[in-house]
Amino acid sequence: MADAVVVGAGPNGLVAANVLADAGWSVEVLEAQPQPGGAVRSDRGVHPDFVNDLFSSFYPLAAASPALHALELERHGLRWSHAPAVLAHPMPDGRCPVLHRDPAATAASLDELAPGDGAAWLRLYDLWQELGPHLMQSLFTPFPPVRSGLALAAKVRAAGGLRLLRFMLLPVRRLAEEEFSAPGGPLLLTGCALHADLAPESAGSSVFGWLMAMLGQSLGFPVPEGGSQELTAALVRRLESRGGTLRCSTDVRRVVVRGGRAVAVRTADGDEVPAARAVLADVPAPALYGGMVAWEELPARLRDDMRRFQWDYATFKVDWALDGPIPWTAPQAAAAGTVHLAASVDEMTEFTARIATGRVPERPFALLGQMTTADPTRSPAGTESAWTYSHLPRRVRGDAGPDGITGSWDEREKAAFADRLEAGVERFAPGFRDLVRERRILAPQDLQDRDGNLVGGALNGGTTAVHQQLVFRPVPGTGRPETPVAGLYLASASAHPGGGVHGACGANAARAALRGHRHGRLLAPGLAAAQRLLSGPAPR
């Protein structure tokens, strides 16, 4: 019998398993898919000569993560690679702001569009240098982040107190209007905010856009050499070197609860896998509560809270094998690993408004990855392994474009939206379509079929909006991985601090399990009481 069973071999599950193994626990990881990795996987499914990442590709949060740094994955074969430039946002007139790892180079790029905008960027970077390390430590720490929080509070006070708080609450559109005179800085910041399910007018979108942009500025957007699967492979090798075991093609359907405590899991085949000390679930909160754990084992309040749980946007992705580099009208974009595609901030607002009203956008904002530019091992010399993705409404009520897309995502609808995305690339790179040797289309259900955590194509385990962050994630409570069931811990992106490949959700869950066992008491009942106290009466 293993001390701990971890459900799910995504990055959070594998980080959790490694942390437990480092503490001397025996660990068994069970994964429903034939391969480990969750949303950190790559293959040669588009063309045998090309490596394409199935889901995630660039890992600034991994580069910043204390949890991943502590595992020293480079000692287990992981090697990082960087594109010559971090991020580009080409404009219809051929101008192009570019984010470089050298702050002076980024500032020079913005000054080309408007003198003085480079200095404005450097002021934002100076603020990041002052606050960034404390902010990231606080974000990655379970609530309450006492030590890092106190350090951050001192820095916030020194940096301007209420004025800094206002900065963090601003919509990214307003921040950009206050700081910049030309479109370059606003495009970089707003595009970074739209990595999540945030509109340019969303409260708090400024801090998310600033955080992502400054991670790129300070650390870059690194990729694993050889494909994203190499990050997963390093996590697995490290775990196995410490005695942990991994079983794939093992679909866990139920957490077995006896006497109010999680004691085992049951698979789709009916096998019961016991856990002597803890079960850690790297699954979405809606799959755990009322799914793997029956409602009768949970407080009635939680059922009402989960009814209000909000998913993030659906996602649609196209992978390509290209016969050559993308022919950007703005040549500066050719050096960037990540490219954002939208003509203006207004167009990004229109895009998010379409999603909010349930309509498939006619001009989707898209992220594009030039993977061979970032890592030359991904495809033969002179070619490019590339992808693009965009977001969609979770429930389609209509199509703002001409194709009559209904959300059935049959072959006709998938091809129509893929063509729409390719037309978006063609706007900024005429001749792009002539380079497409092969493509793979992944609609929302295709993503979920390949990774059950990506429910309806949601990438982040729940919305990034402020009402479902910190102590509100996944429901109003403590912002911690403990659950109302003793010995059961939520280790997925549905837990604080949320989506992204950083492993903090898994590391926090593992440390909570270790702490609960070390103290010789079960923390869940007290935490459930704290949740009831914080939540108050349910709205009517």
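Buried means under 20% relative accessible area, exposed means over 50%, and partly exposed lies in between, computed with a 1.4 Å probe on protein chains only. The views below show a predicted model, in which local features need pLDDT of at least 70, side-chain atom pairs count only at pLDDT 80 or more, and totals for chains, interfaces and linings use all residues. Residues are numbered from 1 along each chain as its sequence is written, and side-chain values use heavy atoms, with hydrogens and water left out.

**View A. Glutamine 445 sits in helix 17 (residues 444-450).** Helices are DSSP runs of H or I with at least four residues, numbered from the N terminus. Glutamine 445 is partly exposed because its relative accessibility is 43%. Its side chain meets that of aspartate 449 in a polar contact of 2.8 Å (a pair of N or O atoms within 3.5 Å; within protein, one must be able to donate a hydrogen and the other to accept it, and residues adjacent in sequence count only if both atoms are side-chain atoms).

**View B. Threonine 190 is found in helix 9 (residues 184-193).** With a relative accessible area of 0%, threonine 190 is buried. Beyond its neighbours within four places in sequence, it touches Val172, Pro200, Val345 and Met348, where contact means heavy atoms within 4.5 Å. A polar side-chain atom of threonine 190 lies 2.7 Å from the backbone oxygen of proline 186.

View C. A disulfide is a pair of cysteine sulfur atoms within 2.5 Å, and the count is zero. Cysteine 96 is buried at 3% relative accessible area, and cysteine 192 is buried at 0% relative accessibility.

Note on methods: Helices (H or I, at least four residues) and strands (E, at least two) are DSSP runs, numbered from the N terminus.
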